[in-house]
Amino acid sequence: MEKFATLTIGGQTMELPIVEGVEGDSAIDIRMLRQKTGFVTYDPGYGNTGSCKSTIAYMDGEKGILRYRGYDIEELAENSSFVETAYLVINGELPGREELNRTSVLLNDHSLVHEDMQNFYQNFPRASHPMGILSAMVNALRSFYPELITSDKDFEEVYVRLISKIRTMASISYKISRGHKVEYPRPDYTYCANFLNMMFNTPVKPYILRKEIVRALNVFWILHADHEQNCSTAVVRAVGSARTNIYASISAGISALWGDLHGGANQAVIQMLSDIHEKGASVEDIIRRAKDKSDPFRLMGFGHRVYKTYDPRAKIMKKNCHEVLARLKYKDPLLDIALKLEEVAVSDPYFVDHNLYPNVDFYSGIMLRAMGIPTNMFTVMFAIGRLPGWIAQWRENTQDPEQRLTRPRQVYSGCPRRPYVPIDGRGEGTW
Ligand code: SDX
């Protein structure tokens, strides 16, 4: 039986339908609100606004739960591969052996980047941030692959192309930034192994693959694959809602992810930890600054719009981080600082009262550093992991009959109506 919320405004009472989710999450359907009351809602940052119904990921911020298509993140991180999880996120079901083999063949077939695109890299300043390059390159794919998506088969070709090429694109920007020869993908390597080889193999120093590192990279990308309506996913949906092609929509998502408050936090965490290590800032000083309202500084890698407890991904990432450093016999003073920061913060009343705990970005950078990934590519690593989620959310949005062009309303707080007075009448000088 349909449930309703009752809203009374200025003596007028109206019933608003309740939309119920599978996990007991509910929403008030306000689609008729303005038409019936003249009011819109006010919710900067949309912290209390549901933009869609989605079947892809589910989060419970109070209990620290994250599931992709009903599967707990802990089980996927423990047992799945990134390619298998990407298939699940995009297609809604885990692939069988046949689908997995087919996807692997397609990923291989689409792993090269058009040689003409490689020229684009040469014209970026050497110090360009790889997120800006990646966003431009993904957008440029539309010029090379202008075909429209008119069937599921078309969609499969497009998504496999994106997932396969994004890691090649990322590794090319790294190689060129170092003045090294570009390393091509290999048909005999798995998705993650191929990326590591394209990044670090050189003619004079062959990259030795280690299964633990390949496994850690699979887990890293599994943890990032989707996360409901986060900032960058909301951007991908909004751009796609205008019937913009998927490449430009994803490119916009990459740009949104770049920000320090979002995907750029993993790079900002390392810069924060390095400041403590190299500039002698104390953990206590960092905590004090994070609590000081007059200081714009925030404890990077802490806090979350949805999780009001420990980010379940951060727990797995912390374990992954310890394992990778142990296997590589890599001692990183930044890890000791991060552990100390966490210890102090999680027992500090400010952080407890504000429900601020480590998020996925707090430990991820330390692990990436140990793997040899340069700091300015940490958010690129996040983008590669999040790509399946962006693709799935874009497709769900374009196929949802309830979805429309994204176009929020506002509350106007500017000047009331006023007459135009030509410049002379305003007593000022002439042009
Ligand atoms: C990601 O949405 C997603 O799912 C994102 C993501 C994904 O997978 O897509 O999980 C990835 O972006 C993780 C978050 C990475 N960002 C950071 O680590 C940057 C540091 N964190 C914060 O800036 C902050 O916690 C946000 C941006 C993540 C969330 O902030 P909100 O929900 O907008 O909360 P807010 O800024 O309104 O802060 C609420 C209060 C404020 O204090 P009061 O004014 O209420 O007293 O909490 C304080 C804030 O000052 N606060 C912090 C803090 N985060 C929030 N204080 C110090 N340090 C922090 N990190």
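Colleague: What covers the buried residues of α11?

Modeller: The cover includes α6 (130–144), α7 (152–177), α10 (231–240) and α18 (378–399). Buried means under 20% relative accessible area, with exposed over 50% and partly exposed in between (1.4 Å probe, protein chains only). Helices are DSSP runs of H or I with at least four residues, strands are runs of E with at least two, and both are numbered from the N terminus.

Colleague: What kind of model is this, and how are residues numbered?

Modeller: This is a predicted model, where local features need pLDDT of at least 70 and side-chain atom pairs count only at pLDDT 80 or more, while totals for chains, interfaces and linings use all residues. Residues are numbered from 1 along each chain as its sequence is written, and side-chain values use heavy atoms, with hydrogens and water left out.

Colleague: Back to α11. How many of its residues are buried?

Modeller: 10 of its 12 residues. Among them are Ile 246, Tyr 247, Ile 250 and Leu 257.

Colleague: How far does α11 reach from its first C-alpha to its last?

Modeller: α11 (residues 246–257) reaches 16 Å, close to the 16 Å expected at 1.5 Å a residue. The expected span is 1.5 Å times one less than the number of residues.

Colleague: What does Asn 245 do at the start of α11?

Modeller: A side-chain oxygen of Asn 245 reaches to within 3.0 Å of the backbone nitrogen of Tyr 247.

Colleague: New topic, the strands. In which sense do β1 and β2 pair?

Modeller: Antiparallel, over six bridges, with β1 at residues 4–9 and β2 at residues 12–20. Two strands pair if DSSP finds at least two bridges between them. Phe 4 stands opposite Pro 17 in β2.

Colleague: And which residue takes a positive phi in that hairpin?

Modeller: Gly 10, near 50°, in a hairpin with two residues between the strands. β2 also pairs with β3 (residues 26–28), again in the antiparallel sense, over three bridges. In that hairpin five residues lie between the strands, and Gly 24 in the turn has a positive phi of about 85°.

Colleague: Now the ligand. Which residues come nearest?

Modeller: His 227, His 304, Arg 305, Arg 313 and Arg 386, out of 24 residues around the ligand (a heavy atom within 4 Å).

Colleague: What lies 2.8 Å from a nitrogen atom of the ligand?

Modeller: A backbone N or O atom of Phe 302. The protein covers 77% of the 1000 Å² of accessible area that the ligand has on its own (Shrake-Rupley method, 1.4 Å probe).

Definitions and conventions
Contact means heavy atoms within 4.5 Å. A polar contact is a pair of N or O atoms within 3.5 Å; within protein, one must be able to donate a hydrogen and the other to accept it, and residues adjacent in sequence count only if both atoms are side-chain atoms.
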